[in-house]
Amino acid sequence: MANLGISNTHVNQFDGSKRAAKTRHKIQTVIHVALFSAAFLFVAAIVCGIVV
């Protein structure tokens, strides 16, 4: 690949707005919690025999 003089730094470093970075982090956290909870509930339902 061509070296464009851009290092592999995190995208948030280039984001001038800390509020946008915090909002993005909160949204990602909510999504991760929701997905983990849904997966846990699905597995628990299978183990308990609710989902066939």
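A helix here is a DSSP run of H or I, at least four residues long, numbered from the N terminus. I looked up Phe42 and found that it lies in helix H2. The model I am reading is a predicted one.

Entry, whole chain. I counted the elements: the protein chain has two helices and zero strands. I then looked up burial, and 4% of the 52 residues count as buried. The chain exposes about 5100 Å², and carbon and sulfur atoms supply 69% of that area.

Entry, helix H2. How far apart are the end C-alpha atoms of H2? I found them 44 Å apart. H2 has 31 residues, residues 18–48, and at 1.5 Å a residue it should span 45 Å, so the two values agree. Just after H2, I noted that Gly49 takes a positive phi of about 85°.

Entry, Phe42. Is Phe42 buried, partly exposed or exposed? Its relative accessibility is 48%, so I put Phe42 down as partly exposed; the class runs between 20% and 50%.

Conventions:
Residues numbered from 1 in each chain as written. Predicted model: local features only at pLDDT ≥ 70, side-chain atom pairs only at ≥ 80, totals over all residues. Heavy atoms only, no water. Expected span 1.5 Å × (residues − 1). Buried < 20%, exposed > 50% of the residue type's maximum accessible area, 1.4 Å probe, protein only. Areas by Shrake-Rupley, 256 points an atom, 1.4 Å probe, with all protein chains shown as cover.
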